[in-house]
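Q: I am new to this structure and would like to learn how to read its features one at a time. Could you take me through them slowly?

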Amino acid sequence: MDRDKLFRTIQMYGFAIDEIVLYLDTHPNCQHALNYYHKYNELKREAVEEYNRLYGPLTSRQVKSREKWTWTNEPWPWERSAD
Amino acid sequence: MDFSMFENMRFSNDYQRSANNSMTPRTVSGSMSRFPEETPLAMAYVPMQQWSEVYDEAEAFHAGTLFPELNLPFEPEEGCYGQR
């Protein structure tokens, strides 16, 4: 999947998890919501793994390399293109 | 925070319930009631959300909520329940 699309997918999974967490806070026994939570947690974990594999660490906590600190491979935020 | 009090809410059931929407319980006087029996008067309540449908993650991201029943965009001309 291309980088932006995968990034957006991770964002969407993250938002869905945020929402279901709020619901579960007040409905702790709801099996529907709990199943949804586990499903999307797993989906997000897989998407992040794929992002790491294809494009490197998404966050500074996802550096896999043991040789080099790869977090700074990417352009700094102020060096990004203007789009 | 213990929410078990909402687990088995009983709604007032009366002879009129079957006459119309069975989901919406009615009081004996026939007026609509969405509150459990013995709900004290003169207090404010927010109905407990029940699990129903959810948007898929793309729709939810766009709508800003996972829950259609909470998708209440404020549209002055149509009032807050206008659905786009």
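Q: How exposed is E49(A), and what is its relative accessible area?
A: A residue is called buried under 20% relative accessible area and exposed over 50%, with partly exposed in between. In this predicted model, E49(A) has a relative accessible area of 42%, so it is partly exposed.

Q: With which residue does the side chain of E49(A) meet in a salt bridge?
A: The general idea is to look for a side-chain nitrogen of Lys or Arg within 4 Å of a carboxyl oxygen of Asp or Glu. Here the partner of E49(A) is R45(A), with a distance of 3.9 Å from N to O, and both residues lie in helix α2 of chain A, four residues apart, which is about one turn of the helix.

Q: Which other residue forms a salt bridge with R45(A)?
A: R45(A) also pairs with E42(A), their closest N and O atoms being 2.7 Å apart, and these two are three residues apart in helix α2 of chain A, again about one turn. Like E49(A), which is partly exposed, R45(A) is partly exposed at 43%, and E42(A) is partly exposed at 33%.

Q: How many salt bridges does the structure hold over all chains?
A: The total is three. One of them joins the side chains of R3(A) and E74(A) at 3.3 Å, N to O; R3(A) lies in helix α1 of chain A and E74(A) in the segment after α2, so this pair ties together parts that are 71 residues apart in sequence.

Q: Which residues of α2(A) are buried, and what covers them?
A: The buried residues include Y36(A), Y40(A) and Y51(A), while their cover includes α1 of chain A together with α1 of chain B.

Q: Is E57(B) buried or exposed, and which side chain of opposite charge is nearest?
A: E57(B), in helix α1 of chain B, is buried yet has no salt bridge, and the nearest side chain of opposite charge, K39(A), is 6.4 Å away. The side chain of E57(B) does make a polar contact with that of Y40(A), at 2.8 Å.

Definitions and conventions: Residues numbered from 1 in each chain as written. Chains lettered and ligands numbered in written order. Predicted model: local features only at pLDDT ≥ 70, side-chain atom pairs only at ≥ 80, totals over all residues. Heavy atoms only, no water. Buried < 20%, exposed > 50% of the residue type's maximum accessible area, 1.4 Å probe, protein only. Lys, Arg positive; Asp, Glu negative; His and termini not counted. Polar contact = N/O pair within 3.5 Å; in protein donor to acceptor, adjacent residues only side chain to side chain. Contact = heavy atoms within 4.5 Å.
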